[in-house]
Structure formats: C-alpha cells, structure tokens
Amino acid sequence: MIGTPNQRLTVYVDDEPRRFFVGLRVRHAVGYLAAWRVERREAIIMDGDGNHLDLDGALYDGERLYVQPLGAPEGDDND
Amino acid sequence: MLHVRERYGNLIRLNYRYRGRTGYARRFLLTLLVAASLLSGCATGPTDTPAPVTEEVASVPPNAGDSTETIVILHTNDFHGAVEPEEIQGSGGTSEEGGLVNLISLIGQLRQEHPDRTLLLDAGDSFQGSYVSNNTQGELVMAAMNIAGYDAWALGNHEFDWGQEPLRARIAQAEFPALAANIHDEATGKLWDAVQPYTIVEVGRIKAGILGLAYPGTPAISRPQNVAGLDFRQAEEIVRRYLPELQQQAGLIIVLSHLGYDGDLALAKAVDGIDVIVGGHSHTFVESPRNVNDTLIVQAGAKGQVIGRLELTVSVGTGQVVDYTGRKVLVPVTGNVAVVNQEVQGLVDAALAQAAETVNQPIGETAVALRPQSAGEFALGNLVVDAMLAYELDGQRADIAMHNNGGIRAALPKGPVSFGQLYAVLPFDNQLMALDLTGEQILRILEHSVSSSPGKMQVAGMTFEFDMGRPKGDRIVQAAAGGELLDAARVYRVVTIDYLASGGDGQETFLEGGNPAYGDTAVWAVAQYIRAHSPVYPQVEGRIIQR
C-alpha cells in the first residue's frame, strides 16, 4: 500500500532484502549491472510468481525479483 | 517507416526516461516469450481456484442461440510512447518487435477475427517515454488509439507527467472513455470532472461493465503541481462503492486497473464479484491469467511488446464466466503483420520526421567547449548540477544538487546546442529526485565520492575540499553549503538523480533520505536551463578542491 511519500518499500532481489523509495523501478532494484545484462538479453527478471518483468515496472512492497541469466545469444558476436 | 529511420538514424530514438535497449539479441525476447508460453502450459500456476477448461486459443465459435457467448478481450498497458519498434539483429537478419504501427496493425488483425465480440482496453501510462511521443505530449499515440478503436482507457500515473491541462486535451481527443473512478476533486469530494468512473459496453450478447482505477500512490511519485487539487483514493473502497451500480447494468464486471500486479491481487482477494482485472503499472508479462477468488488477473507487459488476448465464455443470462483462455494470452507484436495500418503509418512517419527536425534544432548555445571528466570538478558537470539546482522540482529549489561524474558522457562543442547533443551528454534518462538529507549524511556521500578516486560527484549549492592522503572515510576536510560550513545536524534539500537515490555508484546513504519527490529527467532540466540562460558559460569555480 502506498502511504506517505516517506514510506519505503522492501524488495527482495535474489532473496536479499533491499529498501527503496516508493516510485523507483525494477531497474533500480536489480542494479546497473543486472539491468545492463537484461538490456543485452543476457538475463531476464522474474517475479515471485514466475512472471517476466520489464525493467521499468513499478516496484511494490514485498516484491521478489530474480535475475535469471540467459544463455549466450547465438550469432550475435558483433556486439 | 524504414525509410524514415534510415534518413534520421538514431537521433529520433531518444527516450526521456527509459534507456533505449540495444538491438543486441533483441530477438531473444521473442524466444523467451515463446518459451514462456510453452512452459506456462506445463507449470503449476499460482491459482487459487480450479484450472480453466480451455487451454488453447483457437477461434471463437459463433454461438448465437446458445446460452453462452464467447468474447475476446484484447488489452494493452504501459505503452510509454514506444512508437518505434525495436530492431532485433539475429542470424536470420533483422526483425522488429513492438512499435506503434505494428501494435495497431496487429490489434486490427486480431479484432477483425471477431469484430462484434471483441473488447479493446488499455490500462494506462500510454504516452510518456520517448522523444517522439513526448514531443506531441501523447497526441500521436492517442490518435493511433482512436484509429484502433479502443473501448476504454484507464489513467496511469504517467498520464499526469505534463500536468492536468495536457491530460485534459488527450482525454478530449480520445474517442473512448477515460476511466478513473478513484480520482476525486479535493475541493468538492466529487469525481474529477475530466474522467468517468466506468463505462458499459455491449460485446456480442454480453454487457460488460468496465470500471477504471488509477494508481492511488500517484501523488507520491508525481510532481506536486501536476496532481494539485486531486485526491487519489484507495481502490477497494471505490470498487465496493461502484460494484452494485455496475452489477445492475452489466453482467460481466471488468476492472481496468493501473494498480500494479500486487494491487490487482489484493483487490481480487478483498472484493468479490469482479470477473476480470486488466492491469498495468508493474509491467508484468502475465502469460497465463492468474485466478484469485474467481477473478482473472491479466497484464500485458509493457511498451507494446505484446498484446493481451483473453478469451472468455460468458453466460448470457448471468454474465458469469464459465470458461477462459488458460495460457498463451500474450501475443508478441512483431513486424510480421498481415496488413499494415497505413493511417497509423502515415501519422508515425510524420511524427518521426517532425521529431528528427526538432531534436536537431538549437535550444541555446554554450560560449565554451565542454567536456566530460571522470574525476574532480569540471565545467560541463557544473552546468548539469547548476541546471538541477535551478529546477523547481516540488515548487522550490533545493539547497544542493549532486550528479555523479560517470553519468555525464559526451562533449559539447562551443556554439549551438541541440536536444540531441544534450541527450548524448546525459544518455541514461535519469529522473530528478529531491530528498531531505542531513549534513552528516551529505558528508558520508562526499566521503564515498572520494573513496576510490579523487572526486566522482559534481555539486552545486555547496563546496568541499578533500585530501586523498588521509584514510578512507576521513578525507573530506571541509564542506560548506550556502556559504556556511555544512551543519551535520541540519536537514538540507538535495536534488539528485534516481540512479544515485537508489544507491547507484555504491551511494547507499541516499537511501536514508526523507521526503522523496520526483521531477523530470535530468536532460530535460538541463535543456530548460540552457534555453533560459543561453549562452551558458560554465566554468570550474573551485567548488571541489583536492588538497
């Protein structure tokens, strides 16, 4: 639930709890490196229900995020 | 469209808030979606009620005369102005994912299968997110939504990003209802006059009541002036209030929600009688409908990458859902559409050409050449933080501005400056945030900024001196704000970027801040500053001194 602007939320990234401001997004929670890997299609973010998440999705209190590596993309050796 | 992209290149692929993804292995989302579709059919779903009978989407059979009607809900959410498709480089060549033309064309294709038994819904955050869409304050996207023939649209929090008047213009432009049952006028206590709470749509022989819900926390994450005078109420009380009214008029009850996936789950658990929640806000790719308390919850990711397609078999007499699609409810949006919607194509081509022109127009000029620098104070850094300090994020200027050196990436030659050039300087779509921090917390932030190299933070509104010869954590030898020594106990208002406010660069102290408020992107603030102060003449002023 959203309350005062001061309210923080707790998000579990690979089961590690982290506190963030309400209004921040999945990319902030997983951190720069993981977000970069997602953008390169080397990883994906899943929630606790097994849903794939976009990096810019809103965080919610108690959310569980899992950074899952993907295999090296074939035929993409130019990037 | 291709010829437009070829002509204007990447300049028009500027996102304000969302970092553009590389084309690298873009195709793997398609692979992922296919894989997820396959897996979803095998996995045990997180459902609270029995699994659906129907698991595959085939065709919707005609059923006139039957006691049931099979209808299709097509749904989108969080499009975020993703007008241009992502180009995916693969071994088989280049393909496209998403994009406004592809999205609307595919909607037309899907809708054409059962034109009289298809609902088309959008769950908000439609416009903000790319230069070409922001450039028209959503007019382009709304024009395309009108062509697609949406039946209803729920307001998202980002619909308020340009203030209430531009939003009213979009609502007036919409040829379908803008729904937000939980936005009220603070002064009168009545529903905000720009929206309606719900709409009733006849789809085949079914009357669907569609109630719209905005994100209740919108004021906490929006510029205060953009939501001034509005009261965003909690969802549950609103749904309970309207449900009897809706049930009198419609058999099938749909909530079109921008609450986020968790909010949708909570609503479904708390309130009986909702048949379907079509969601948004959390950008969740709900591959299989989640069934909670006999309420189906769906959401179609974000940025037009997929269209949700939920097939329902509904009792004509009661409106009760007797069967539904169990899996494969997300249809990937690719460039392989059967018929391109030429009307939308024309609009997009024109908007891209216009954007390409404006993005290269000078917004002002710099009297000196400016370059980024990885450590220490530099003039371009001062320009950025001066602009941040001048930006009235929550109706007032902050005391101090801070931006990391690493986020300032490109040079500006002496002379005219365009938005496109500025975007190369600040390419990360970082959003401004203001926080309350004590002097002691600011000191810790500064200490961290000199812990591994001689100064990785640009500042305005303050100065500091440091000595790399001293132990880590004790290198700041002097700091002042507003011309006075930094007071460890005093609370200062600090404007920074969301990257740092979320602990980026290891700056965890920002997370201790209070009263967070959100503003525009840093690049937008700097553009405004240059417009207002041109020609700018930033210099190194001795704000940061290494002893």
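pLDDT is the predictor's confidence in each residue, on a scale from 0 to 100. What we have here is a predicted model, so local features are taken from residues with a pLDDT of at least 70 and side-chain atom pairs only at pLDDT 80 or more, while totals for chains, interfaces and linings use all residues. Residues are numbered from 1 along each chain as its sequence is written, with chains lettered from A and ligands numbered from 1 in the order in which they are written.

For chain B, the mean pLDDT comes out at 88, with 88% of its residues at 70 or more. The stretch to treat separately is residues 1–60 of chain B, where the pLDDT is below 50; beyond near neighbours in sequence, this stretch has 129 contacts in the model. A contact here means two residues whose C-beta atoms, placed from the backbone, lie within 7 Å. The model as a whole scores ipTM 0.88 and pTM 0.85.

Now for the two chains. Helices (H or I, at least four residues) and strands (E, at least two) are DSSP runs, numbered from the N terminus. Chain B has 14 helices and 29 strands, and chain A has two helices and five strands. Read from the N terminus, the elements of chain A go β-β-α-α-β-β-β. A residue is called buried if 20 or more other C-beta atoms lie within 10 Å of its own, exposed if 12 or fewer, and partly exposed in between, with C-beta atoms placed from the backbone. On that count, 55% of the 547 residues in chain B are buried, and 44% of the 79 residues in chain A are. Among contacts with a separation of 6 or more, residues 24 or more positions apart supply 76% in chain B and 52% in chain A.

In chain A, strand β1 (residues 8–13) runs antiparallel to strand β2 (residues 16–21), and six bridges join them. Two strands are said to pair if DSSP finds at least two bridges between them. A:Val13 stands opposite A:Glu16 in β2(A). The hairpin has two residues between the strands, and A:Asp14 takes a positive phi near 50° there.

Chain B has an open sheet of four strands, in the order β26-β25-β24-β29, with mixed pairing. Its edge strands are β26 (484–485) and β29 (544–546), each pairing on one side only. Strand β24 (residues 462–466) of chain B pairs with β29(B) in the parallel sense, over three bridges, and B:Phe464 has B:Ile544 in β29(B) as its bridge partner. Helix α12 (residues 439–449) of chain B lies across β24 and β25 (476–481) of chain B, at about 130° to β25(B). Axes are lines fitted to C-alpha atoms, for helices over the stretch in contact, and angles run from 0 to 180 degrees between N-to-C directions.

Helix α5 (residues 139–148) of chain B packs with two other helices, as described next. The axes of helix α3 (residues 100–113) of chain B and α5(B) come within 10 Å and cross at roughly 15°, so the two are roughly parallel. Their contact is made by B:Leu100, B:Ile104, B:Ile107 and B:Gly108 of α3(B) with B:Val141, B:Ala144, B:Ile147 and B:Ala148 of α5(B). With helix α9 (residues 342–359) of chain B, α5(B) packs at an angle of about 175°, the axes being 10 Å apart, so this pair is roughly antiparallel. Angles under 35 degrees count as roughly parallel, over 145 as roughly antiparallel, 65 to 115 as roughly perpendicular and the rest as oblique. Here B:Leu140, B:Ala143, B:Ala144 and B:Ile147 in α5(B) meet B:Glu343, B:Val344, B:Leu347 and B:Ala351 in α9(B).

B:Ser534 and B:Pro535 are joined by a cis peptide bond, with omega about 0°, and B:Pro535 sits in the loop between α14 (522–533) and β29 of chain B. B:His281 is not a glycine, yet has a positive phi of about 90°. B:His281 lies in the loop between β12 (276–279) and β13 (284–285) of chain B and counts as buried because it has 30 C-beta neighbours inside 10 Å. B:Asn515, also not a glycine, has a positive phi of about 45°. B:Asn515 belongs to strand β28 (residues 514–521) of chain B and counts as partly exposed, with 15 C-beta neighbours inside 10 Å.
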